[in-house]
Amino acid sequence: MNTYQWSDLRIGLSDGFEVQLTLDMMEAFASISGDTNPLHRDRQLAMQRGFSDTVAYGLLTSAFYSQLVGVHLPGRYALLHGISIDFVSPAYPGDTLKVSGEISYLNDAFRRIEIRANTTRHGEEVVSKAKLRVGLQIF
Amino acid sequence: MQCEKQRSASSMANILEELQPLFRDILDQPNLRISRESNSSNVEGWDSLAHINLVTAIEQEYDIKFSIDELLDLKNVGEMVDLMEIKLATK
């Protein structure tokens, strides 16, 4: 876990990681969210609707932005204030997702940063784009 | 850049008008109309997180920076507009 403090941060600082989306994650998210829509659970129906497999929950794939902020950038002292997400294209179970972010704005008065982030599948297709508003806790 | 062009073509007196959509968007009140006397005590939904969002949005929109001391001195939107005019005039 990174432990960036305010003086360590600068515009352009970036980080990221890769994660594989699994069926276990899909099941866990269905259980937590209660979203039982068949698009996420019925492969045949999803394919009939033009997708290549059951569609991963958008809020599951974007849950990794929480890891980006809380573990990587800035890490330990982060407090997530808000997030805006656009879901650009679907992701599927088995996909390897790459989650990346870069600091685009620093506010000294409130110790607030903004991170432009995105998630891609297999290193190319953009799954989502996000703007993350993050405070840095002071102790 | 678009905002820079629009602002240079208008007078500083229009800052209050330029801020109207920003406040409506961040405070999520489509019919909100702020005045110079508006502040967190008399505008619904203007909580501490909204305050941070308002200040950071203004900073980015106008490419200016506020110190924490400057922000603590402000009593209402009018004083914010006055401070913005000073900062924009000296950019």
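Helices here are DSSP runs of H or I at least four residues long, and strands are runs of E of at least two, numbered from the N terminus. Counted that way in this predicted model, chain A comes out with four helices and five strands.

As for overall dimensions, the C-alpha trace of chain A stretches over about 50 × 30 × 20 Å along its principal axes. Chain A has 139 residues, and 27% of them count as buried. Looking at contacts in chain A between residues at least 6 apart in sequence, 68% link residues at least 24 apart.

Some of the strand pairing can be traced in detail. Strand β1 of chain A (residues 14–20) pairs with strand β3 of chain A (residues 96–107), antiparallel, through seven bridges. Within this pairing, A:V19 sits opposite A:L97 of β3(A). On to the next pair: β3(A) also runs antiparallel to strand β4 of chain A (residues 112–121), and ten bridges join the two.

Where the chains meet, six residues of chain A are in contact with ten residues of chain B. Sorted by class, the chain A side of this contact consists of three nonpolar, two polar and one charged residues.

Key. Residues numbered from 1 in each chain as written. Chains lettered and ligands numbered in written order. Predicted model: local features only at pLDDT ≥ 70, side-chain atom pairs only at ≥ 80, totals over all residues. Contact = placed C-beta atoms within 7 Å. Nonpolar A, V, L, I, M, F, W, Y, C, P; charged D, E, K, R; others polar. Buried ≥ 20, exposed ≤ 12 C-beta atoms within 10 Å, placed from the backbone. Pairing = 2+ DSSP bridges.
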